[in-house]
Amino acid sequence: TSSRRTLRTLFRPAALPPPVISETSPSRKKLLAYHRGKEQQEMINQLLIDRALEVYYITMDETDKDETAPPVTELPSTVRKYFFIKSCLFNYFFLKKCVQSNPVVPIQQQWLRSVLAMVPQSLMEGRDRELLTEDLLKEIVRDYEKSMRRCVLRRALIKPDIEELNKLEEEAPLPSLPLGLDFSSTWRNSYIKAKEQIISTLHILHPTMKTLLDFGYTAFFKFLVVDFSSSRLKGPVDCKSFKTDASLSCSKAEDEIMNTWLQRVISLFTQSEALDGVNLDQLESFYNCVAVLLSNQLKELLQRTTEVFVKLFDPEDRSRLPLFKMDLTFDENRMEFYPSLQDLEEAILFVVDCIGQTLQNIQTIRAWLTGGTATLDAELPAHTIQWAKSTLKKSIRDNLEGPKEHFKGYVESYGWLVDGTAEERINRFVAEQHSFDEYT
């Protein structure tokens with residue numbers, strides 16, 4: 001009804017703080033600021049009381065509402081505490097929203113240009129990299145504005161120590177510098193210095209090394225120390241001939257490499273241009289680099305040859321599987337293969353050892369020039385030899401399943417003729433009395 005007062009009439013309007021009159025006297029300014037602070041605090045307290053009464057009236061039932069609002073002091077302590085916390089939260093979030101809505105000082109363009117100036121131009125070429133650069137700059141601007149807002153909020157507004165506020169507002173901690181990293185000085189100068197030092201001491205970048213790589217690629221690209229890929233087309237071969245062919249092939253390959261590839265390498269170092277730009281104090285490290293490069297090329301050749309040979313015995317692809325001549329023999333009342341299955345395995349594994357023993361006595365360039373005896377390290381790694389032999393043993397067992405079944409069939413069918421069983425049956429038959437038809 002018109003006679004019933006509403007909530008709007010219960011509370012007086014909020015009074016704005018009086019205008020501040022600027023004076024020339026510093027003492028006068030200090031006094032006015034003190035009075036203005038007291039007046040603002042009283043106004044805030046009154047607003048909190050009015051807000052508490054408003055929440056109190058809103059939460060009451062219609063039948064409990066009275067024409068006159070009770071004094072705040074007569075409210076229960078728990079209710080007063082509840083109203084106080086809610087009012088603090090309301091005011092904190094309102095003031096926080098006001099502070100965050102204020103514009104922040106934008107990042108200076110010269111800062112962004114300084115960041116881009118530190119990026120090499122080669123990394124910024126291309127349309128995709130331009131788009132990536134734009135995205136990174138946008139991310140920098142977003143992080144800068146976010147940090148500025150958080151900084152202004154912490155400086156302008158004190159967060160009340162209320163447990164409910166910590167539950168409502170979970171703010172991530174400020175980022176901390178990584179431990180163990182020092183960003184006090186720029187890294188570009190040290191990077192350039194290290195790069196120049198690497199270029200001056202890393203001999204693999206020397207033009208002579210590129211020529212050696214070309215020699216090795218041309219000589220070893222399709223070359224194998226031992227090649228039994230066409231052995232199946234020649235028909236069965238005995239184990240002794242197989243081992244002999246492997247030894248001859250390795251010896252022939254070594255002679256070919258010594259007369260072609262090695263001669264080209266030596267011829268290169270007889271020219272003065274091969275050492276252009278190399279100081280006298282760097283000769284030893286330069287020739288060490290040459291030795292390592294040549295060793296790696298020889299090792300790669302031997303390892304590739306070993307892998308190709310092992311692949312010939314792959315049980316899943318028997319198109320190039322070598323054929324071996326095996327005889328089924330009878331001696332001293334025993335039936336067996338000749339050569340034995342153990343000899344066959346040894347003949348196949350002999351090829352791996354033969355490959356590993358090839359190219360082991362090639363002099364280093366430094367030793368050839370000075371008359372030394374040092375040789376290149378072309379030895380196959382132990383793990384490569386172990387892998388090759390274990391793989392071949394398994395493949396040999398799988399591929400010998402057929403001959404073993406063949407041998408087993410002979411023993412089951414004709415073993416009784418040679419193990420004494422047949423002779424014993426004949427003697428027993430002769431000793432017995434039989435009819436003519438039975439003898440027949």
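User: How many aromatic pairs does the structure hold?
Analyst: This is a predicted model. Phe228, Phe242, Phe309, Phe313 and Phe324 form one aromatic cluster. Across the structure, the number of aromatic pairs is 13.

User: Is the aromatic pair of phenylalanine 337 and phenylalanine 407 stacked, edge-to-face or tilted?
Analyst: The two ring centres are 5.5 Å apart, and the planes make an angle of 40°. Stacked needs planes under 30 degrees apart, and edge-to-face needs over 60.

User: How many residues apart are phenylalanine 337 and phenylalanine 407, and which elements hold them?
Analyst: Phenylalanine 337 belongs to strand β2 (residues 334–338). Phenylalanine 407 belongs to helix α15 (residues 401–418). The pair links distant parts of the chain, and its members are 70 residues apart.

User: Is phenylalanine 337 buried or exposed?
Analyst: Buried requires a relative accessible area under 20%. Phenylalanine 407 has 24%, so this residue is partly exposed. Phenylalanine 337 has 16%, and therefore counts as buried.

User: Which residue is the bridge partner of aspartate 327 in β2?
Analyst: Strand β1 (residues 327–331) and β2 run antiparallel, joined by five bridges. The hairpin has two residues between the strands, and glutamate 332 takes a positive phi near 55° there. In β2, aspartate 327 is bridged to tyrosine 338.

User: Over which ring does the charged end of lysine 243 sit?
Analyst: A charge sits over a ring only if it is within 6 Å of the ring centre. The charged end of lysine 243 lies 5.1 Å from the centre of its ring. That ring belongs to phenylalanine 350.

User: What length does helix α8 reach from its first C-alpha to its last?
Analyst: Helix α8 (residues 207–220) has 14 residues. At 1.5 Å a residue, 20 Å is expected. The model comes close to that, with a reach of 20 Å.

User: What arc do the buried residues of α8 cover around the axis?
Analyst: The buried residues of α8 are Thr208, Met209, Leu212, Phe215, Gly216 and Phe220. They lie on the same side of α8, because the arc they cover around the axis is only 115°.

User: Which residues are exposed on the other side of α8, and what covers the buried ones?
Analyst: The cover over the buried residues of α8 includes α9 (239–259), α10 (261–269) and α11 (283–311). On the other side of α8, the exposed residues are Pro207, Lys210, Tyr217 and Thr218.

User: Which residues does serine 395 contact, leaving aside its neighbours within four places in sequence?
Analyst: Serine 395 lies in helix α14 (residues 382–399). Its relative accessible area is 6%, so serine 395 is buried. Beyond those sequence neighbours, serine 395 is in contact with Phe313 and Pro315.

User: How far apart are the C-alpha atoms of valine 115 and leucine 137?
Analyst: Valine 115 sits in helix α4 (residues 109–117). Valine 115 is partly exposed, at 40% relative accessibility. Leucine 137 is 22 residues away along the chain, and the C-alpha separation is 9.2 Å.

User: What share of the contacts with a separation of 6 or more joins residues 24 or more positions apart?
Analyst: The protein chain has 17 helices and two strands. Of its 440 residues, 26% count as buried. Among contacts with a separation of 6 or more, the share from residues 24 or more positions apart is 72%.

Methods:
Residues are numbered from 1 along each chain as its sequence is written. This is a predicted model: local features need pLDDT of at least 70, side-chain atom pairs count only at pLDDT 80 or more; totals for chains, interfaces and linings use all residues. Side-chain values use heavy atoms; hydrogens and water are left out. Rings of Phe, Tyr and Trp (its six-membered ring) pair if their centres lie within 6.5 Å; planes under 30 degrees apart count as stacked, over 60 as edge-to-face and the rest as tilted. Helices (H or I, at least four residues) and strands (E, at least two) are DSSP runs, numbered from the N terminus. Buried means under 20% relative accessible area, exposed over 50%, partly exposed in between (1.4 Å probe, protein chains only). A charge sits over a ring if NZ of Lys or CZ of Arg is within 6 Å of the ring centre and within 35 degrees of the ring normal. Two strands pair if DSSP finds at least two bridges between them. The expected span of a helix is 1.5 Å times one less than its number of residues. The arc is that of the directions from the helix axis to the C-beta atoms. Contact means heavy atoms within 4.5 Å.
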